[in-house]
Each structure stands twice: as C-alpha cells, then as structure tokens.
Amino acid sequence: MKLLALEAVQNAGYYQSRYQQVEEFGGTLFVLNGLGEDGYWPADRYRIAGSKHIDDIIAAAREWHEAEGFHGLLTFSESGVLTVAAVAEALGLPTVGLDAARISRNKLLMREAQERGGAPVPQYRLVPDLTAALAAADEFGYPIILKPTLGAASNFVFKVDSADELRTRFPQAQAGMAGMSWFRMEADGLDLGPYGLLVESFLDGRELQIEAVVWDGEVYLGSIVDRITIEGNTFDDDAHQAPTTLDADQLAAVHEVVTAAAHAQGLRRSVMHAEVRFHQGKPHMLEIAVRPGGGGLDYFARLSTGYCPIRGVMAVAVGNKPDVRHYHPTGVHLAGTCLISGPGRIEQITVPPSVAGDDRVFFLKITAKPGDVVRRPPDGNNILGFLCTSGATFDEAIATAYEFAAQIDVRLALPATA
C-alpha cells in the first residue's frame, strides 16, 4: 500500500519514528512537506512543495499522485488534519471530510457541535478580550480553564483560580497563541474557524486518554489510559496508567459520551484520540481529535489492549475498517511519564545505557536536542520526551518510570533565550 504523509510545515523530526512504524507494518510511505528540510526522508519518497499554502501543497500532491498512484493520505499532526482533508478531497482519496476535520481541529466549533449532539461538555464561551473573559468566569465560577481555539499539546492552557490571576494569564495566552508552533504549522489558505481564546468551566474529576475508531456509525474504544497527574494550574499530561480503573458502568457511560461526540463532529470513518473528564461523577467530553494520541499512547494501546492506532491510521487512510474491537484489556500493567525540565537552552541530554536497555522500558523517546530552547508555562509547554515502563503492578511500573526519569541527565544554559 502506497501512503502519502503530509505536513504543511515539518515538525522537526518528531513524526519520523511513526513514519518508520508505518513502513514496519507493511506500508510504503511517501512524505510531502510544504516547508521542510532536505534529507528528512529517503530521497526517492520525499518532496518539499516549497510553500505552506494549501493550493501549492495540493498541486504538489496531485502531480506526485499522478505518477505514483497513492492509496491514501495520513498525518499524525494536529496541525495537519485540515491539510490532509483538503488534499484528500482534491485527489478523490478517502477522507473524514473538510467540515468534520475543521470541527475536530477548532475547539470552539468542536464544543458547539458536541453540545448540539447532546454530549456533556463544560460551559464555554469565546472571549475576544479580558472584559469578556472576566464576565464569563464570573458566570461560570472559578476555577475556569483558559485555552486557545487552535491549540495543541496543552500550550497556553491555564487553570485560573481568581480574577486577579485571569488578568495575568489572559494577556500571556493571547500573546503566546499567535507564536505557538502548532498554529504556525497550519497550511495557509484554509478556513481554520474562529481564532481566539475560550473560557470553560472546570471539570473536577479524573481524566481519560482514549484511542478509538468510528466506523459507519459504530464507535470502538480501542484503548483507555488513565491520566493520573496531580495537576496545578498548567497541564502537561505527564503521568498515565493502563489498564484503566473504570468499572463496567463507567465504561459504558464513557462509550455513550464518546459516541455522541463523534457523531456530532460528523465523523463516520476515522481514527480518534478522545479525551474525557469526569465531573460530579459523570463523564464529559474534552475533545476528539482525528489522529492518534502522542507520547507513547500507541505503545500503551498495543500492549494493554492489542489495538494498534498506527495500523488503524493506515487502514482508514485507504478506506478499510481497522482491526479493532470494543475495549478489552490484556491485563498488562503500564505507566508513562513526560520528561520535563526547567526552562533554558539545552546543552546536553544523557540517557544511561542501563535505562535505555532495560526490558521494562517499552517506550523511550527524546524529542528535544542540544540547542533547543525549553519554554515552560506561562511562556510555552515544551517537554524533553517520554518514558514508559511496565511492571507486575501499576505501582511497580510507575516507580520504575520515576526512578529512570531521575537518572536522565539534562544540562541547561540559563536563562532561556530565543
């Protein structure tokens, strides 16, 4: 199967490991970047359009498609879902559709669709200025969540506990979202939907990270991972647990909510990364993205349930139903954590061989490199990478993850400068 992966703007080398998985699972992968680096992928299967405008990307993809005959298009990037939908429509290849992609990318459009479809969601409001944000917060009650409509990876997402804090956070989020890489990596010439900040009411309970599939209306929760972070006023999604600790009734309620939201977003045939949070004992939707989750969640899925999100993307890309069943854990205990440092410019990251080679480590990915600037809230939300481990129990697995993370040496030059 010939597959074409798209990024309007190359996200460094972040997706190369997933592209390699596609090939390991039997795909022949071609890569087209609107803007990118020479040598990023094997030369005979890599092209750079030279522009991030959607018309130029479509033209480059069409010319290549006429020569190669691609079976499907894919992306692993939140900033690429609209690009892929637009190019797939232009080439007549399987797609979720441009409207569904836009709803699934823009947090305001997503909230409006989910609410229309009857999925429980937090209270929300698009706020053009601080005055509107303060009014919404007064109505909803503190704490509230402040977030960009076109955000990703929890960048410039703040839990705000008071009006004074909101007066500080609002200008930080407003300034930060314009320069956020996930926003700048979108293709030009596409309607991305409303651009701005949302105020949402705070959901007070546990959070779930779900790898799912919708196929001809039926929703399959392929993998469910519990987010176990003790959070402050920013969000790193930095510790996870599998299998989930949901009971049967909670699992059924979550399935119902995700199904309602997927249908409301116009998703008929798609892989999904769904995030659900409980509030007053009942599940509410945070979001559904039309791509797999990052940070090793594909490894979590394969080991904890047998579902493979990467194979799922490949199948959907060519119009085939993925090999997925309703949630059924294998009983393997897994834990994962983001690798987080303070802010600064990275001089060196050293992973001991005893950590990298330990058979309890099932996923270790260092995404940062020397010379990178690490920005931490309120200036950004950069991390160093991910570390995931297994154990006879969850407590054993998470203890190993924290022990190994502490052994990774990170040298920073302070202060962080651009």
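Trainee: What radius of gyration would a compact globule with 418 residues have, and what does the protein chain have?

Mentor: This is a predicted model, so every value here is computed from it. A compact globule with 418 residues would have a radius of gyration near 22 Å. The protein chain has 21 Å, which agrees. Its C-alpha trace spans about 60 × 50 × 50 Å along the principal axes.

Trainee: What secondary structure does the protein chain have?

Mentor: It has 13 helices and 19 strands. Residues 24 or more positions apart account for 69% of its contacts with a separation of 6 or more.

Trainee: How many of the residues count as buried?

Mentor: Of the 418 residues, 56% do. The cut-off is under 20% relative accessible area. The accessible surface of the chain comes to about 16300 Å², and 49% of that belongs to carbon and sulfur atoms.

Trainee: Why is Gln 265 called buried?

Mentor: Set the value against the cut-off. Gln 265 has a relative accessible area of 1%, and buried means under 20%. So Gln 265 is buried. The residue lies in the loop between α9 (248-264) and β12 (269-279).

Trainee: Which residues does Gln 265 touch, leaving out those up to four places away in sequence?

Mentor: Ala 100, Ile 103, Ser 104, Met 110, Ala 113, Gln 114 and Ile 288. Contact here means heavy atoms within 4.5 Å.

Trainee: What makes helix α3 largely enclosed by the rest of the structure?

Mentor: Count its residues. Helix α3 covers residues 81-91, and nine of the 11 are buried, so it is largely enclosed. Among the buried ones are Val 81, Leu 82, Val 84 and Leu 91. The cover includes β1 (2-9), α2 (54-68), β4 (72-74) and α4 (98-105). Just after α3, Gly 92 takes a positive phi of about 70°.

Trainee: Which residues have the most contacts inside the largest nonpolar core?

Mentor: Tyr 19, Leu 29, Leu 146 and Leu 166, in a core of 47 residues. Membership requires buried residues of nonpolar type, joined through side-chain atoms within 4.5 Å. A second, separate core has 29 residues, including Val 219, Leu 221, Phe 278 and Ile 288.

Trainee: How many charged side chains are there, and how far apart do the centres of the two sets lie?

Mentor: There are 35 positive and 52 negative side chains. The centres of the two sets lie 1 Å apart.

Key
Residues are numbered from 1 along each chain as its sequence is written. This is a predicted model: local features need pLDDT of at least 70, side-chain atom pairs count only at pLDDT 80 or more; totals for chains, interfaces and linings use all residues. Side-chain values use heavy atoms; hydrogens and water are left out. Helices (H or I, at least four residues) and strands (E, at least two) are DSSP runs, numbered from the N terminus. The radius of gyration is taken over C-alpha atoms; the globule rule is 2.2 Å times the number of residues to the power 0.38. Buried means under 20% relative accessible area, exposed over 50%, partly exposed in between (1.4 Å probe, protein chains only). Accessible areas come from the Shrake-Rupley method with a 1.4 Å probe; for residues, only the protein chains shown count as cover. Lys and Arg count as positive and Asp and Glu as negative; His and the chain ends are not counted. The place of a charge is taken as NZ of Lys, CZ of Arg, CG of Asp or CD of Glu.
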